[in-house]
Amino acid sequence: MKNIVFNYLFALVVALALAGCNSDSSSSGADDVASPTPTTQPQSPTPSETDPETDPPMQSADPLVPVAGEGYAQKGPYQTGATVTVQELDSEGSLTGQTWSTQTDSNGKIRFEGIGWQGLAMVTVNGHYFNEYSGAYTPEPFRLRAVMYVSDETLVGNVNLFTHLIARYMEYWLPEGYTYEELRGWANDYIMTWFGLMTPPENLNLLDSIDPATDRDSYMLLLYSAAMAKAGLTQADVDALAEDFAVTDAGWEDEWPEGPGKQALMKMFNEAQNNEAALIEQARKALQQEFGRVFQATESGANRVAGTICVYAGVLCPWGDLTNIPISPEPRDIPVSVPYSGSYGFLMYFNDNGSGATARFGRAPGDNSIRSVSGSVSDFLEFMIQPIEGDRRYNLGLSSTTNKTVTSVRMFQLSQGIKKDPYPLVVGDNAGLVGIEWGIFRNTDSYYQLIAGPGRYRFTIGGYTCGTSTAPVVVRGYQWDWDIREPLPEDQAGRTPFDTASSAQSSENQCSHQIELINDTHPNRLYLHVEAIGIRDTSINANRAISEDFTIRVERI
């Protein structure tokens, strides 16, 4: 168990690299309680019934946002009458004997009113849930869990597939002396990085539009929940996945063992990767038909995953190496998952040298429209691609005039964001990254958007190499009237905040920059552009793709 708490998604990326690299093989709970038999069995939607041009309408009912003393149980949503068992835990995760039970209301709502006590608890929901893939309630009960502070007076949280993994993690590590707060931070970071989230899992809701950031992550919960259903994962499969997640410290302490947990993860991940659009379309339509509501349509998401998972499926993405790839004159295609927009570098090593080897990067097999490079007598080949759109699937084609082996291939980000798709910032410390000019290639610009409510904010940028005769970076801040992640007005189509005049700028030759931006009326309207000016690598050559790390601290003032 590591001893550092990673407080947000971005800092954990480096940690998961250590867990996923150089591995081609790596990576119970409360008793079931009887639940009522489902009374309705809606028919499964078929492909012919689904109109890809028609998105389920937004709900008009009151929002399902949890209030004090409430939460939601959603796998799909649990049927009314599912059993909810709340068992109090002490600081070491042991049961105290204090128990309370209730049943779910419509939409899977859990009401904790009347519980009579408050504290840390294992919340177990057992019953029939609405299968978002088949469009019917499950014939067999299913159990999901969450560890949370329960109360009839304070906000509680939701129970879902992601909280089920975290619950076993808590149960496993609490007896080792770690606090609930420590474990909650680590586990949330793991889940958020693994599945490309920025929202804590207990805040996600399949049936309601909360805000753009939460909707984006509820999309991921629905995608993997539907993928789990389509893959036919059983209670035993999901519990095995949760067990491996806990015992290996999510891959940090140990490689994931071969077995049902890893197999379940691979099945779920492959379904999400290969059938994302169809799964989401069918699941959203099924939820809308059954409940009359579903969260707002949002961007695609299966490419926002950690390298640890990619390795299992033979997909190249940041933070996870692929190893021992045989290449020959016949092209070998490797799918590449790009989670965030920006420029990227690729590094591969050969078993002898790179002579005769060719790497082609494009949008599909056989396409080299983005970049094509050839190897040399060196035993490695490294190249960069200029900024591309994230949350997309690309292709890396490898071939060689003679048979050889690529012993490892790694993908790493060099700059963050592009003008039309800025990298998200949160209040607090953010790990920044900007590329360094490399010959004719320029990846020296990173673009950011603050995901936060209205207010006045201070941005402090530092931690980069300084002391040169030229200012290392120039920082520009923008206040724009629109959230670029949402549909723009017709007269703003094609524009970005970075095409306008900056609201603030700092370009002095110093080791940190500080600017302030204000937006009083709407969230997510502040933007940042960091350009590398004086940062240069004195030993730059044809085999180096490098970047500069820095920090962006965001404070609300």
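Strand S12 (residues 357–362) is joined to S13 by 4 bridges, and the two run antiparallel; strands pair if DSSP finds at least two bridges between them. This is a predicted model, in which local features need pLDDT of at least 70 and side-chain atom pairs count only at pLDDT 80 or more, whereas totals for chains, interfaces and linings use all residues. Residues are numbered from 1 along each chain as its sequence is written, and side-chain values use heavy atoms, with hydrogens and water left out. Helices (H or I, at least four residues) and strands (E, at least two) are DSSP runs, numbered from the N terminus.

**Strands and sheet**

- Arg-371 in S13 is the bridge partner of Phe-361.
- Buried denotes under 20% relative accessible area, exposed over 50% and partly exposed in between (1.4 Å probe, protein chains only).
- An open sheet is formed by 4 strands in the order S3-S2-S5-S8, with antiparallel pairing. Its edge strands, S3 (95–103) and S8 (142–150), each pair on one side only.
- Strand S2 (residues 83–89) pairs with S3 in the antiparallel sense over 6 bridges; Thr-85 has Ser-101 in S3 as its bridge partner.

**Aromatic rings**

- The whole structure contains 28 aromatic pairs. The rings of Tyr-169 and Trp-173 have centres 6.5 Å apart and planes at 50 degrees, so this pair is tilted. Rings of Phe, Tyr and Trp (its six-membered ring) pair if their centres lie within 6.5 Å; planes under 30 degrees apart count as stacked, over 60 as edge-to-face and the rest as tilted.
- Tyr-169 and Trp-173 are 4 residues apart in helix H2 (residues 161–173), and are therefore separated by about one helical turn. Both residues are buried.
- Phe-498 and Tyr-527 form an edge-to-face pair, at 6.0 Å centre to centre and 80 degrees between the planes. This pair links distant parts of the chain, 29 residues apart: Phe-498 lies in the loop between strand S21 (473–479) and strand S22 (504–506), and Tyr-527 in strand S24 (residues 526–532). Both Phe-498 and Tyr-527 are buried.
- Ring pairs link a cluster whose members include Phe-162, Tyr-169, Trp-173, Trp-186 and Phe-245.

**Charge over a ring**

- The charged end of Lys-404 sits over the ring of Phe-350, 5.8 Å from its centre; the criterion is NZ of Lys or CZ of Arg within 6 Å of the ring centre and within 35 degrees of the ring normal.
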